[in-house]
Amino acid sequence: MSRVVNCSEHGAVAVITIDSPPVNGLGHAVRKGLVKCLSDALDNNMVEAIVVHGADKMFSAGADIKEFGSELAFTPPLLTEVINMIEASGKPVVAAIHGVAAGGGLELALGCHYRLAANNARLGLPEVTLGIIPGAGGTQRLPRLVGVPAALDLIVQGKLNPALEAHNIGLVDELFEGNAADAGIAYANKLIVDAAGPRPTRNQNAHIEAARGKPEIFEEYRLGAQKKARGMHAPLAAIESIENAVNLPFDESIEKEREIFDRCVESDQSKAMRHAFFAERTVSKIPDVPKETPPRKVDSVAVIGCGTMGQGISMAFANASIPVKVLEADQEALDAGLAKIEKTYNSSVEKGRISTEERDHVISMITGTLEYADLADADLVVEAVFEELELKKAIFSKLDQVCNPGAILATNTSTLDINEVAATTSRPGDVIGLHFFSPAHIMRLLEIVRGEKTGADVIATAMALAKMLRKTGVLVGVCEGFVGNRMLLAYLREAYFLLEEGALPQQVDKAIYDFGFPMGPFTMLDMAGLTVGYLIRQHQAGTRATDERYSDIEDRIVEMGRLGQKTGAGWYKYEAGTRKPAADDMIEEMIVETSANLSIKRREISNQEIIERCLYPLINEGAKILEEGIAIRSSDIDVVWLYGYGFPRHHGGPMFWADLIGTDTIHSKMVEFETEHGNLMKPAGLLEELAKQGKGFGDI
Ligand code: 3HC
Ligand code: NAI
């Protein structure tokens, strides 16, 4: 009997329990334990049927992803062997699923002869989200049970589906409420009474035959996947494997599935996506804030300022059913802000995203006020007024006077020093930055900015709050722009310089889009609006060294009144009522003229140079951020870029991508750039050090 897999007998039914916390992953020890328990049950003449289920929270989250690339992944018994053994069993085997059956976990269940699922269970094959395909028969058995179109949907989208849906498509035989082992035993006893024997999935060929000779099903799916999962290999590999299932004998096709799986696991894309998976989970681990730190309660919230951010932040809380009081400077601004919130929710109803009842509920969560006294009982206050230090300081001293002891006082500032703001209060330990990204009710990233004196429980509360808001919280330190925007500035700076040197906005945007970002820098700037960047640059003008290269190209666009999409023109022009950027001759003329004024001879710029010029300095800035301790680890920076800026997940984030390329390559390119373009390109000390040692950011 193995510790991670246990077996017990209940009359004629043997119950095999996978008990390997936290998610019953199917690592080597579990696979071995399953074979042992299964052999025992098969050898035992008293046993007539077998139930497999998971202990604690779930059935199984699938293969142990940490084993990938290690020897253990290839150490027998392989998962395929375990599943084959189950499928070949002469006694019926029932999978009783509760919680989650994902990836290899669901593949294990597909190998069982019958499947039951708890009403609230979720089932799926999310392998493509890790850059791989189901590698233990999933692409072969699932289409046999649910048909090819439904299998394509499940495998290519990689989502976990509710049990009811799984039941409707024939993946699950019966739903149950309550304990999985009990439901499994009851079902197995029924099978015994009915003399219902094993029912191997591999022999169920009706669906497979129905799809044979219909290559158009797969062609259509390929086109869709190329569009939706731009640049990603795994969805196409999965489609290939399902097509094999339709056209080849089972044994041949499952062997090919393994080959495709191995090819995917070894790819950089899969390494990047697996890195992203663990990076997202590591981000909440803060060395000096133990996970046992009790968070403060956040049952009510106040937001100060009902402009762009105040509206979004209020909606983020309302969407999580947390009541919000929003305070404005005057009645007119308050009415305008609240009306905008209502309009946004109405438009969600029109688009079918929420029901009218949901709208009424979330709107009822938000109330307006002009009185600070009304904020006295808020557990958390988020300030989102104009980006002016003196104004924010004045607001924080007022909050200090009115708020209950223990209330968390947060600012949404994107550039100001939180320590200065905190110092105006008698409780700097309660002050923190909550840097939401616009639109705040939609964007997943929340930079949580820790001041010098911010309390550990305040940080723990902010991290927990991010989860409540369904956001990904990343703890960062105080510096101008924090992690995301500070790196963004280096990226944008080079994009502007490239225009001066010979590129056009549409060329830069295309190179970055083809790299995998949802859009290039100029399309993004037009979407966000050019005013904020303009104000920041004006603000920084006094601190810029006189010999530092500076491009005023965007300032000139702003001064023309072209403020981006909202004014119908920015870097691009926009037909009335559309959001489709169109190249504008006027901008091209202005760019060419700028080069001439700077005596720069315009040259051909390759897409490769665009990628290197924009992304290497961004990584270099990331290295400085790590050096200064502004981010805890390089994978946190990756999470900021994955969730805040759409860095392509199949490249893992900028710091992971840098490691794939090699810190030595990035470093020598930065040295070259420094010689050609000046000291803004000076390599960070950390980058130089890692390059010298032959190490990557992930090795720190
Ligand atoms: N392998 C290794 N570790 C895993 C894991 C897996 N398959 N799934 C989760 N974990 C770890 C997490 O890293 C985390 O570790 P930590 O506590 O040290 O940070 C811990 O388990 C708990 O995970 P979550 O925080 O994600 O727990 P939740 O309860 O929020 O979510 C879940 C549960 C929905 C199952 C989620 O963990 C998940 O989506 N897991 C991955 C599912 C998946 O992609 N399966 C396919 C694996 S590949 C495969 O099976 C190949 C096969 O085809 C051969
Ligand atoms: P905004 O100009 O749209 O809104 C500011 C609001 O604050 C206005 O409605 C104004 O009436 C109100 N206000 C001003 N003084 C006030 C006072 N004394 N009391 C109460 N309300 C007052 O500005 P926006 O874009 O919402 O920015 C707000 C804050 O969020 C700034 O600190 C900004 O740096 C930060 N931020 C902005 C982002 C963006 O993309 N716009 C992203 C992340 C942070």
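Predicted model: local features only at pLDDT ≥ 70, side-chain atom pairs only at ≥ 80, totals over all residues.
Residues are numbered from 1 along each chain as its sequence is written, chains are lettered from A and ligands numbered from 1 in the order in which they are written, and side-chain values use heavy atoms, leaving out hydrogens and water.

**View 1. Polar contacts of ligand 2.** A polar contact is a pair of N or O atoms within 3.5 Å. An N or O atom in the side chain of E328 is 2.6 Å from an oxygen atom of ligand 2. For S414, a polar side-chain atom lies 2.7 Å from a ligand 2 oxygen. A polar backbone atom of T308 is 3.0 Å from an oxygen atom of ligand 2. On its own, ligand 2 has 830 Å² of accessible area (Shrake-Rupley method, 1.4 Å probe), and the protein covers 77% of this.

**View 2. Elements around ligand 2.** Two or more residues of the shell come from each of α13 (308-319), α16 (389-402) and β15 (431-436). Helices are DSSP runs of H or I with at least four residues, and strands are runs of E with at least two. The most, 3 residues, come from α16.

View 3. N24 sits in the loop between β2 (13-18) and α1 (28-43). The residue is buried (under 20% relative accessible area, 1.4 Å probe, protein chains only), at 3%. Its side chain reaches the backbone nitrogen of S20 at 2.7 Å and the backbone oxygen of F59 at 3.3 Å.

Technical notes
Polar contact = N/O pair within 3.5 Å; in protein donor to acceptor, adjacent residues only side chain to side chain. Buried < 20%, exposed > 50% of the residue type's maximum accessible area, 1.4 Å probe, protein only.
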